[in-house]
Amino acid sequence: MRLCCLFLLFAFFTPELLRANGPDESSGQATSWELTPNRIQLCVFVRPSSRLPSVREAELAEQLVAQATAVNGGPWQVSSNQKFASARNRWLRELAATDPPAAIDVEASCDKVIFVAISEQDSQFSITAREWDATTRLWNVPVARTTAQVGLIAEEAFSAVQAAFGPLLRIEEITDKSTGVLARVRGGAIPKRDGSAWVVPQGTCFRPVLVQADKQGQPQPATTTVIPSTYLAVLSPAPTSGSNRGVLKCGSASAIGGDVFPAYHPAQLRLAVGLSPSALPVRVRVVDADAAEQPLAGYELQRAAIDNQGKKMTPLGVTNSQGTVERAELGPGVNWIFVTRGGATLGSRPVIAGLQSEVVIAVKNDRKRLELSAAIAELNDDLLDTLSRVAILAVRQREAVLKRDLALTGRVSQELTAATKNPRLAARLAELEKQTAATDEATKSRLAPDLQKARHALERLTAAPTDEP
């Protein structure tokens with residue numbers, strides 16, 4: 001009887017297990033990704049002070065683990081790991097730096113380590129939380145909190161831990177440039193301990209990576225390749241019920257042309273790790289695309305949101321003699337930074353606040369275009385002045401003819417001929433057209449309307465009558 005019951009239970013649950021862990025017909029990958037919890041370790045560092053003794057380190061670690069389990073239990077499996085405390089001083093120094101610390105190694109049973117550093121200065125407790133994602137081998141953006149009260153340290157530290165966590169996505173489907181991608185959130189279909197759904201907020205940003213997989217489809221962290229200058233942003237939160245729980249719709253922003261994401265392959269996982277929101281300013285450096293060591297001064301920087309490229313621009317500043325804007329203030333989410341000069345956009349790049357201390361944007365040196373543009377503008381001014389002068393001389397000539405003043409008529413006629421048949425204007429235009437033809441296509445395209453304007457003005461000038469009929 002017992003064997004019969006076991007057989008019936010096996011027969012009943014096997015199809016469900018296969019559906020949960022078997023291959024997804026649409027993508028060829030396991031569907032259990034959104035049912036797999038995030039195995040997280042917390043590590044707390046305390047710089048001892050009169051109000052914060054060293055014994056609080058272990059106590060705070062236990063408090064944070066208990067609170068994280070109570071609030072996020074289900075999608076999160078949290079434990080404490082203080083083995084990194086032997087390098088406490090190093091972590092207290094490096095964890096808050098914008099540029100990430102060196103890579104670390106963790107146990108195979110750990111998906112993420114969230115470090116928390118706490119120190120006191122000027123009667124204020126500074127709390128920094130930062131995540132290391134073991135699957136992608138990437139550091140997240142540092143998250144900072146402050147409080148003056150000892151009793152609020154645990155609360156603020158847990159707030160920092162919550163913000164430091166970066167969800168891990170598996171990219172399922174590449175749609176188009178306007179809608180980006182569809183992706184599944186690891187643990188996204190697992191309800192929290194209180195039964196509520198775990199929601200990734202709209203606007204959350206991700207950094208996409210490629211990771212090689214073994215024969216069982218498990219990621220091999222040492223093979224991570226970051227897709228450069230490319231980010232995802234959540235357009236709408238995942239449904240909290242139904243078969244699409246844990247599925248996010250994301251928009252993409254990339255400075256790379258063409259197909260950013262490769263086609264699905266069972267030996268290569270397309271993942272994306274979440275980035276914590278930050279308000280840290282960034283130093284932007286503009287360099288010559290043909291000579292990266294050459295800084296470009298006098299270039300204007302402007303930013304726009306990911307869903308508003310080229311519109312509602314916010315000025316960030318003008319590059320100095322080192323080609324930099326030292327503290328460019330960015331908005332939340334993905335920022336498009338545009339490099340402009342003389343009304344022309346020369347380059348752009350998506351940037352996330354807090355991800356790096358310096359952003360380098362290489363653009364074509366626009367000096368030649370500006371020189372040619374100024375020379376063409378000067379020629380157009382001279383042509384317009386000459387056309388105005390010719391119009392005045394034509395009136396004077398007409399008046400002289402009506403007065404039968406032959407001497408005045410002759411002098412005005414000579415001036416008209418000199419103005420309309422001036423070879424220097426034609427020579428200047430021919431030289432500018434020759435110089436423009438030797439530039440790149442973008443420069444030629446930008447200068448073409450002004451050259452055309454000059455050509456039309458010269459044709460009007462040479463066609464003007466010099467003798468009264």
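## An open sheet of four strands

In this predicted model, four strands form an open sheet in the order S17-S16-S19-S20, with antiparallel pairing. Strands here are DSSP runs of E, at least two residues long, and helices are runs of H or I, at least four long; both are numbered from the N terminus. Two strands pair if DSSP finds at least two bridges between them. Strands S17 (314-318) and S20 (344-352) stand at the edges with a single partner strand each, so one side of each has no neighbour in the sheet. From one strand to the next, the twist averages 25 degrees; axes are lines fitted to C-alpha atoms, and angles run from 0 to 180 degrees between N-to-C directions.

Which strand pairs with S16 over 6 bridges? Strand S19 (residues 334-341) does, in the antiparallel sense, and S16 covers residues 300-305. Leu301 has Val339 in S19 as its bridge partner.

Residues are numbered from 1 along each chain as its sequence is written.

## A parallel pair

Strand S14 (residues 282-288) pairs with S21 in the parallel sense, over 6 bridges. Arg283 stands opposite Glu358 in S21. In a regular strand, side chains alternate between the two faces of the sheet. Strand S21 (residues 358-363) has a covered face of Val359, Ile361 and Val363. Its uncovered face holds Glu358, Val360 and Ala362.

## The nonpolar core

A nonpolar core is a set of buried Ala, Val, Leu, Ile, Met, Phe, Trp, Tyr and Cys residues joined through side-chain atoms within 4.5 Å. Buried means under 20% relative accessible area, exposed over 50%, and partly exposed in between (1.4 Å probe, protein chains only). The largest core has 45 residues. Val116, Ile118 and Leu248 have the most contacts inside it. Helix H4 (residues 153-164) gives the most to this core, with 7 residues.

Leu248 touches, among others, Leu169, Val181, Phe206 and Val234, not counting residues up to four places away in sequence (contact means heavy atoms within 4.5 Å).

## Leu383 in helix H5

Is Leu383 buried or exposed? Leu383 is buried, with a relative accessible area of 2%. This residue sits in helix H5 (residues 367-402). Beyond neighbours within four places in sequence, Leu383 contacts Leu425, Ala454, Ala457, Leu458 and Leu461. Leu383 and Leu458 are 75 residues apart along the chain, yet their C-alpha atoms are separated by 6.8 Å.

## Aromatic rings

Rings of Phe, Tyr and Trp (its six-membered ring) pair if their centres lie within 6.5 Å; planes under 30 degrees apart count as stacked, over 60 as edge-to-face and the rest as tilted. The count comes to 11 aromatic pairs. The ring centres of Trp76 and Phe165 are 4.8 Å apart, with planes at 45 degrees, so this pair is tilted. Trp76 lies in strand S2 (residues 76-80), and Phe165 lies in the loop between H4 and strand S7 (168-174), 89 residues apart. Trp76 is buried at 5% relative accessibility, and Phe165 is buried at 8%.

## A positive phi

Most residues other than glycine have a negative phi. Asp122 has a positive phi, near 55 degrees. Asp122 is in the loop between strand S3 (112-121) and strand S4 (124-133). Asp122 counts as exposed, at 69% relative accessibility.

Key
This is a predicted model: local features need pLDDT of at least 70, side-chain atom pairs count only at pLDDT 80 or more; totals for chains, interfaces and linings use all residues. Side-chain values use heavy atoms; hydrogens and water are left out.
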